[in-house]
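Please look through the structure below with its helix packing and its nonpolar cores in mind. The paragraphs after it go through these topics in turn.

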Amino acid sequence: MSVASHFDAMSYAPAPESDAEARAFLARHPDGFGHFIAGAFRPSVDGARFQTHEPATGKPLATLALGGAADVDAAVMAARKAQGPWAKLSGHARARHLYALARSVQRHARLIAVLEAIDNGKPLRETRDIDVPLAARHFYHHAGWAQLQDREFADHLPVGVVGQIIPWNFPFLMLAWKLAPALALGNTVVLKPAEQTSLTALLFADLAAAAGLPAGVLNIVTGAARPARISPPTRMSTRSPSPVPPRSAAGSASPPPGPARR
Amino acid sequence: MADRRITTGAICVYHRFVATAVEALAGSGVPVAAVSTGFPAGLVPHDVKLREIAASVADGAAEIDIVITREHVLTGNWPALFAEMRDFREACGTAHVKAILATGDIKTLVNVQRASLVCMMAGADFIKTSTGKETVNATPLVTLAMIRAIRAYHDRTGILVGYKPAGGISTAKAVLEQQVLMREELGRRWLEPDLFRVGASSLLADIERQLEHHVTGRYSAFHRHAAG
């Protein structure tokens, strides 16, 4: 096409925020996504699945694995197996892994931002300008922690395997907030994203594997509305409060923090 | 593209320089526009405004940019606004007339749309946002208000009125924002120079810098460009 023909048509060039790349990513998984355990995706032990939807249209976005106790157990076992070697790496070696994750987030920033906007429903202005850049910064920051660990955390040991449940309001950013510090200092993780917004966690798993994160250091179990007890082998659980009491954590629902419900 | 003869739409000057500009641009095909009617404040007597228009037209101005009396908008005196615009239209004769609404002075978007409609009804060929001297000049919001008024007027009457944002547009990116709004709200036709103009001066330097960057991959300093 010549300059003159562009001048006559005055049509738009492809938009950088086009959802084409994100849709193509989803289309590459026509049978849906599994859990990410020991460096690979696998279906639920009992084959259970559920649909996740796009808030803008109400249409189904992808099929995800519905995790049960057996899947959580498998993830915890994988995390336990990986934790010893991971903790034995030097702080510098873990710093390099975290730095690679940060770089990968930056390299794929647009795809992550668009996918997050589609999955969560928040505008692209939020995901592109806040969620994703802050997540990248967290990985960089905690790479620094790992690098300086011998000096700053000389008398500390990693906790071990950490269970992490994150909410739907900042799916990718909460993942970064929880994952980066845990991994930096030698812990391995079983992470359960909110059932409404699991896609960027699963994309991140893909990116982490491609970036060379050792198998079992990060494990992701997806699921919803089905009790899944985090089994004893985890040393620590962390959950972010969400406006609705989560239904897939151990024990009975507790009242949400904040003003009392009437 | 050489045979397209891409030039600026017009050169816009105060009355005193119209004759000089006409002489300098003779043979170039670029028309001279004159700001008029007591630009920028518009606070001189009405008959003086009409004589100023006539004088500029006589000196060779092909386009006249008038400023409205803001008081008529702020007091809601729409008949008075209509009447003065009608007089300006008549004084221009065959010259085309742009109505500068001074949107920064009339403040609300409701005022902007009403003033737009009244000036179009009175025969304005173009409605223009600002003199460039107000604190707030052309913004995307004001553009949206005015071009929707243009669309409403076109839907009712079939008459095509042009739009000119002026003031505060100093980057190529800012022009793209305006162009996108024109294309989205009014369509491809309103991207042509007989219906869309941009009031800018240092903008030319930024366009040159962008072209140079496209060709060389480097931005040059502003002082390397003649305008701005």
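Predicted model: local features only at pLDDT ≥ 70, side-chain atom pairs only at ≥ 80, totals over all residues.

Residues are numbered from 1 along each chain as its sequence is written, and chains are lettered from A and ligands numbered from 1 in the order in which they are written.

In chain A, the axes of helix H2 (residues 20-27) and helix H5 (residues 109-120) come within 8 Å and cross at roughly 75 degrees; helices here are DSSP runs of H or I with at least four residues, and strands are runs of E with at least two, numbered from the N terminus. Axes are lines fitted to C-alpha atoms, for helices over the stretch in contact, with angles running from 0 to 180 degrees between N-to-C directions. H2(A) is therefore roughly perpendicular to H5(A), a term that covers 65 to 115 degrees, whereas under 35 counts as roughly parallel, over 145 as roughly antiparallel and the rest as oblique. A:Glu21, A:Ala22 and A:Phe25 of H2(A) meet A:Leu111, A:Val114, A:Leu115 and A:Ile118 of H5(A), where contact requires C-beta atoms, placed from the backbone, within 7 Å.

The axes of helix H8 (residues 171-184) and helix H9 (residues 199-210) of chain A also come within 8 Å, and they cross at roughly 50 degrees, which means that H8(A) is oblique to H9(A). This contact is made by A:Pro171, A:Phe172 and A:Leu175 of H8(A) together with A:Thr200, A:Ala201 and A:Phe204 of H9(A).

The largest nonpolar core has 66 residues, of which A:Leu98 and A:Phe139 touch the most other members; such a core is a set of buried Ala, Val, Leu, Ile, Met, Phe, Trp, Tyr and Cys residues joined through C-beta atoms within 7 Å. Its largest share, 10 residues, comes from H8(A). Leaving aside neighbours within four places in sequence, A:Phe139 is in contact with A:Leu98, A:Leu101, A:Ala102, A:Val105, A:Ala176 and A:Ala180. Apart from this core lies another, of 53 residues, including B:Ile64, B:Ala102, B:Leu181 and B:Trp190.

Chain B has 9 helices and 6 strands. Of its 228 residues, 39% count as buried, meaning that 20 or more other C-beta atoms lie within 10 Å of the residue's own, with 12 or fewer counting as exposed and values in between as partly exposed.

Note on methods
Contact = placed C-beta atoms within 7 Å.
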